[in-house]
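Trainee: Hi, I'm new to this one. Could you walk me through it?
Mentor: Happy to! Let's bring it up and talk.

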Amino acid sequence: MHLLVRFLLAPIARLLWRPVVQGVERLPKRGALIIAANHRAAVDTAVIALTARRPVAFLGKAEYFVGRGIKGRALARFLSALGYVPVDRGSAKAGLAALHAGRSVLDAGGAFAIYPEGTRSLDGRLHRGHTGVATLALGAGAPVVPVALLGTERVQPVGKRLPRLRRVVIRYGAPLDFSRYDGLESSPAIRRAVTDQIMDAIATLSQQEYVDTYHERPAA
């Protein structure tokens, strides 16, 4: 399934949507890596997975992986091939489970993608980042590559299930190294400073207006 996605679906998607990919050569080809991106549409995950040129893991709702029958098993295998890691987001410890899943990927030398805003931006602005990205970067000692996704909200507007043919731009920034903070991951002030630096890099790439408040999750 992974080979099908990488060598068949990915080229077809690039042919149809003709994405403009900038700076992807900045991505380290191996080793633990965090990709931190802005979030405009549900299709964002697929856009990163199909352009990063290395396997990338993402968080996925656990219920997507427990479907029965041929359709349920096929969906689970397809999501796994895209790099989704199942996490029970409905539990009281969902945040800790997400961090644990991300840390497992990084400890294995993989690439893990995260949206620091925590949810899609519905007003087009870039909102304050949650410090989970800093917790992962500092705890695993992994570099962070900021990414800006432009135009994905036109590919899959809110409420639309099927993607439209619209060109998107993906900008990969230079890796951010936070090794100078080794041993300080337990400091809230350091985690906040690291997160703010990551968000500033994303804002520079995306040219979005930055808002220093958290974006509220949609009611549904």
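**Charged pairs and their surroundings**

Mentor: Let's start with Asp107, which is exposed, with a relative accessible area of 54%. Keep in mind that this is a predicted model.

Trainee: Where does the 54% put Asp107 relative to the cut-off for exposed?
Mentor: Exposed means over 50% relative accessible area, so Asp107 qualifies at 54%.

Trainee: Which residue forms a salt bridge with Asp107?
Mentor: The partner is Arg103, and the closest N and O atoms are 2.9 Å apart. Arg103 is partly exposed, at a relative accessible area of 32%.

Trainee: Where do Asp107 and Arg103 lie?
Mentor: Both are in helix H4, which covers residues 94-107. They are 4 residues apart, about one turn of the helix.

Trainee: How many salt bridges does a search of the whole structure find?
Mentor: The search finds 6. One of the salt bridges joins the side chains of Glu153 and Arg40, at 3.7 Å from N to O. That pair links distant parts of the chain, 113 residues apart. Glu153 belongs to helix H6 (residues 152-155), whereas Arg40 is in the loop between strand S2 (33-37) and helix H2 (44-51).

Trainee: Is Arg40 buried or exposed?
Mentor: Arg40 is buried, with a relative accessible area of 17%. Glu153 counts as partly exposed, at 22% relative accessibility.

Trainee: Nice. Changing topic, where is Thr204?
Mentor: Thr204 sits in helix H7, residues 188-206.

Trainee: What does the side chain of Thr204 reach?
Mentor: It reaches the backbone oxygen of Asp200, at 3.0 Å.

Trainee: And how many residues separate Thr204 from Gly173 in sequence?
Mentor: They are 31 residues apart in sequence, and their C-alpha atoms are 9.4 Å apart in space.

Methods. Residues are numbered from 1 along each chain as its sequence is written. This is a predicted model: local features need pLDDT of at least 70, side-chain atom pairs count only at pLDDT 80 or more; totals for chains, interfaces and linings use all residues. Side-chain values use heavy atoms; hydrogens and water are left out. A salt bridge is a side-chain nitrogen of Lys or Arg within 4 Å of a carboxyl oxygen of Asp or Glu. Helices (H or I, at least four residues) and strands (E, at least two) are DSSP runs, numbered from the N terminus. Buried means under 20% relative accessible area, exposed over 50%, partly exposed in between (1.4 Å probe, protein chains only). A polar contact is a pair of N or O atoms within 3.5 Å; within protein, one must be able to donate a hydrogen and the other to accept it, and residues adjacent in sequence count only if both atoms are side-chain atoms.
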